[in-house]
Amino acid sequence: MGGCGSSVAADEPAAQHAKAPDKRLTEEINSKLKAWVKDAPDAGNSGPDGDVEFDEDTKQDKVDLTNSNRTAAYLGRGYSTTLVKTDPLQKGRYAFSVFVDLSRIRSWMQIGVVTTDRKEKGCPQVFDGTPHPFREGELALRSDGALLTGKKETSDAPDMNRHDRAYDTGDIISIQIDMENRKIEWFRNNSSVKTAELLDDQPVYPCVSLDNPKEQITLLASYGSA
């Protein structure tokens, strides 16, 4: 199910994987996520408490899962979407954190959510004659700072109002998903970088999208209220 096309330039220098995430920062971020989830009005019955992995059954071609399915590396050239293994998010709050092991310099790595409809279609990529894939039903923040709205298959209408990369190699990205208020917020190393409204009333699934060869991302933790 992998896509085609790539944003790697021929003259791009070889990228290096980041060292392990800072332990203190990781604990600080995950403690904040856990507290945010448990502060939800309906959080009397907490869901997963820190444990998280990618969904091997729905992973796309050329995505290699290691580290008990917590680390995803892309072996192809093009685009891929890999879902976090979880029940569909329908109510309450859900949060997860990832460590960007390697994001290529001119990459379009994406982190966000997909709708149930998109998951059931296998997260296909559709091209309109440009190298950009338009992903209906995939709401995600791209590493270059663009917000992919996922509203239409052929007119994705990304929010191009950006001044800097949203995240890069070595960053810890955390995502808070508020199903009651239909909001999603992205944080880079514990600082907010973007907030958006969820697409519609459909349940969603957390996801990451790797774009270029050798890109890699590791799930750190997840928390959910039932």
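Analyst: Ile184, leaving aside its neighbours within four places in sequence, is in contact (heavy atoms within 4.5 Å) with Gly112, Val113, Leu139, Ile175, Gln176, Ile177, Lys194, Thr195, Ala196 and Leu198. The model is a predicted one, in which local features need pLDDT of at least 70 and side-chain atom pairs count only at pLDDT 80 or more, while totals for chains, interfaces and linings use all residues. Residues are numbered from 1 along each chain as its sequence is written, and side-chain values use heavy atoms, with hydrogens and water left out.

Ile184 is also one of the residues with the most contacts inside the largest nonpolar core, together with Phe96, Ile111, Ile177 and Ile217, and this core has 33 residues. A nonpolar core here is a set of buried Ala, Val, Leu, Ile, Met, Phe, Trp, Tyr and Cys residues joined through side-chain atoms within 4.5 Å, where buried means under 20% relative accessible area, exposed over 50% and partly exposed in between, with a 1.4 Å probe and protein chains only. The largest share of the core, four residues, comes from strand S5 (residues 93-102); strands (E, at least two residues) and helices (H or I, at least four) are DSSP runs, numbered from the N terminus. A second, separate core has 10 residues, including Ile29, Leu33, Trp36 and Ala95.

The ring centres of Tyr94 and Phe96 are 6.1 Å apart and their planes stand at 45°, so the pair is tilted; rings of Phe, Tyr and Trp (its six-membered ring) pair if their centres lie within 6.5 Å, with planes under 30 degrees apart counted as stacked, over 60 as edge-to-face and the rest as tilted. Both Tyr94 and Phe96 are buried.

As for the sheet, five strands form an open one in the order S4-S14-S6-S9-S10, with antiparallel pairing, where two strands pair if DSSP finds at least two bridges between them. The edge strands, each pairing on one side only, are S4 and S10. Strand S6 (residues 110-115) pairs with strand S9 (residues 138-142) in the antiparallel sense over five bridges, and Gln110 has Arg142 in S9 as its bridge partner.

Thr81 lies in the loop between strand S3 (71-74) and strand S4 (82-83), and counts as buried because its relative accessibility is 1%. The side chains of Thr81 and Glu138 are joined by a polar contact of 3.2 Å, meaning a pair of N or O atoms within 3.5 Å of which, within protein, one must be able to donate a hydrogen and the other to accept it, residues adjacent in sequence counting only if both atoms are side-chain atoms.
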